[in-house]
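Biologist: Hi! Could you walk me through this model when you have a moment?
Modeller: Happy to, let me bring it up.

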Amino acid sequence: MSDMLISVLLAFIPVSLALSSWYIGTQKRANNGNGAFRLISLLGFIFAATAVLYSQFDATPLSVLTLSPARLIVLGLILFMSLILIKFCRNYMAGEQRINLFWRRLIATLSAVSLVVISNHLVLFWLGWVAISLALHRLLMFYPDRPRAVMAAHKKFIVARCAETSLLVAFALLYWHHDSLLINEITASYVNNTVPLTLIEHCAGFFIALAALIKCAQLPIHGWLMQVVEAPTPVSALLHAGVINLGGFLLIIFAPLFMQATVGQWLVLIVAGLTTVISALVMTTRVSVKVRLAWSTSAQMGLMLVECALGLFELALLHLVTHSAYKAHAFLNSGSAVQEDIARRLSPGRSPNGKDWLASGVFSCIAVALVYHFSGYYGAISVWALVALALSVLIATRRGLITNGHFVTMALLALALASCYAALKSLFAVAVPVSNWREAPLSAADLWTLLLIVSLMCCSYVLRYQNHKPRVQALSAILFAGLYLDEWLTRLTLRIWPTRLPTRQNAKTASHSSASSAKENF
C-alpha cells in the first residue's frame, strides 16, 4: 500500500504541472502567476509527504516511477527553485503581452524536468528528456525578433537532438542486453559485478557519457549556452540552475555502469577536464555579467562531470545542489551588478604579496591535510588539492582586501571551510553510497585531474597578476575570443542546417519608418 501511495504522489507532481501548463495557455486574461505559485506550494507539501512516507516505509517500488535519496534531493531542489523563479517572474514579466504563453512554456519545462527525475523507465526517462529540450526551445524563442536568441536556440536544437539520439542508442543497447526497461533493475546488476563488461555495455556507457557531455554544454558545443542570455532572465536562471545539471544527474543515476565503462569514463575526464580549465580561464576575460556567468556554468558543469568520472558521486551531487542555488541567485541578482562593482572599486584593498601567498598556502595545506586525515577518506586526492588551492586563493585575496587581517584568523577560516567541505561531502555520501567505485589515490585519472587543476591555477595567476606582459596579453586576447571554437561550430551548424535570422531595425530606421507612415496616413 505504501509503494502504491508513493507512486501516486510522485505521478501527481509532473501531471499537475502539465495540466496547469495547458490550462494557463487556454486563458485569454493575463495571468499574474498566483495560480502557479499556489500549485508549486501545494506540490511542495506533497513532496514533503512523499519524503516522509519514503523514510517511514523505506520503500523503493520497482515501477515506472521511483524514489531514492539522490532523486529526492534533486526533486526538492527543483520545487524550491520553481517557487523562487515564479515569484521573481510575477514582477519581472509584469505587463508582458504574451505572459500566458510564457507561463505555459515555463511550467511545461518544470513538468518535464520533474518527470525525468522520478522516472524509473527507460522510455519514460527518454521522453521526459526530449520534452525538456522542446519546452526549453520554446522558452529560448520567446523573443523571436532577437537574432542572437534565434541563433542560440537553433544551435541548441541541433545539439539537443544529438544528445537525445545518443541517449536513445544507449537505452536501446541496455534493453537489448538486459531485456528490461526498469533503470533500477539494470543498474543493480552492476553494483557487485566482477565480470568485465561486454562490447554492448561499453558502448552503452560511452553513449551515456556522450549524452551527459552534450547536455552540460561542454566544449566545443558550448556556444549556445553563452548566447541564451538574450532570453528573459528567469529563463537563463532556469537553464543554468536546473536544466543543464541533468547531465550530472544522468551519470549519478547510471553510476554503477558508467564507472565500469572505461572508454566513457575517460571521454568525460578528457573533454570535461579541458572544458573546466578553458572555460574558467575564458570567464576571467569577459566583461558582461551574464556572459561571465555562462562561461562559469560551463566550467562548473565540467568539474561536476570530472567528479563523476573520479567516482565522487556524492561530491557531484553536492556540487549540483550548491551550483544551482548560487547560479539562480547570480542571474536573478544580475541587475544589481553595477552597484556591486562600484562598491568593490571603492573598497580599500591591495594585491597579495609574496608573504600573503606563502602564508595562505601553508595554512590551507595544513587545514586540508588535517581534515583529510581525520575524515577517513580514501580516494582521489586531486579534489583535496583543488580545495587547498582554492582556499589559498581565497585567503590571500581576503588578506589583500582586509589589510589588518591577522594570520591566525585566516588559519581558522581555512580550517573551518575545509571542515565544512568534508562534513557536507560525508552528508551527501549517505544519499549516494558508491564509495566502492572511487578512483584510487594517484591513479591515472587522479593524476590527469591533478595536472588540470595545477595548470588552471598557474594560468589564472599569470592572467591576473602578470597581465602587463605582451605574451600574457596575447593569450588573454585568444581566451577572450573563446579560442574561436564557437565561430567554427556556428559555421558548421549553418552549413548543415541553414536558418534565417530576423533583422532588427535600429532606433533611427524605426523612427523614420514611423514618421513616413504617419505622413502617408495624414
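Biologist: Thanks. What should I know about the source?
Modeller: This is a predicted model, where local features need pLDDT of at least 70, side-chain atom pairs count only at pLDDT 80 or more, and totals for chains, interfaces and linings use all residues. Residues are numbered from 1 along each chain as its sequence is written, and side-chain values use heavy atoms, with hydrogens and water left out.

Biologist: So is R71 buried or exposed?
Modeller: R71 counts as buried, at 2% relative accessibility. R71 sits in helix 3; helices here are DSSP runs of H or I with at least four residues, strands are runs of E with at least two, and both are numbered from the N terminus.

Biologist: What does R71 touch, leaving out residues up to four places away in sequence?
Modeller: With contact taken as heavy atoms within 4.5 Å, the list is T66, V116, V117, I118, S119, N120, I183, F249 and I253. R71 and S114 are 43 residues apart in sequence, and their C-alpha atoms are 9.8 Å apart.

Biologist: And K155, buried or exposed?
Modeller: K155 is buried too, with a relative accessible area of 3%. It belongs to helix 6, residues 147-178. Beyond its neighbours within four places in sequence, K155 is in contact with G223, W224, Q227, D486, T490 and T493.

Biologist: Zooming out, how many helices and strands does the protein have?
Modeller: There are 23 helices and zero strands. Of the 522 residues, 50% count as buried. Among contacts between residues at least 6 apart in sequence, 82% join residues at least 24 apart.

Biologist: How do helix 3 and helix 15 pack?
Modeller: Helix 3 (residues 69-92) packs against helix 15 at an angle of about 5°, with the axes 11 Å apart. Axes are lines fitted to C-alpha atoms, for helices over the stretch in contact, and angles run from 0 to 180 degrees between N-to-C directions. That makes the pair roughly parallel, the word for angles under 35 degrees; over 145 is roughly antiparallel, 65 to 115 roughly perpendicular and the rest oblique.

Biologist: Which residues of the two make the contact?
Modeller: Helix 3 gives A70, I73, V74, L77, M81, I84, L85 and F88, while helix 15 gives L317, L320, V321, S324, A325, A328 and L332. By class, the contact has 14 nonpolar, one polar and no charged residues. Ala, Val, Leu, Ile, Met, Phe, Trp, Tyr, Cys and Pro count as nonpolar, Asp, Glu, Lys and Arg as charged, and the others, Gly among them, as polar.

Biologist: What about helix 5 and helix 11?
Modeller: Helix 5 (residues 122-140) and helix 11 (residues 246-253) pack at about 170°, axes 13 Å apart, and are therefore roughly antiparallel. F125, W129 and I132 of helix 5 meet L246, F249 and L250 of helix 11.

Biologist: Switching topic, how covered is helix 14?
Modeller: Mostly covered, as 18 of its 21 residues are buried. Helix 14 is followed by G311, whose phi is positive, near 85°.

Methods. Buried means under 20% relative accessible area, exposed over 50%, partly exposed in between (1.4 Å probe, protein chains only).
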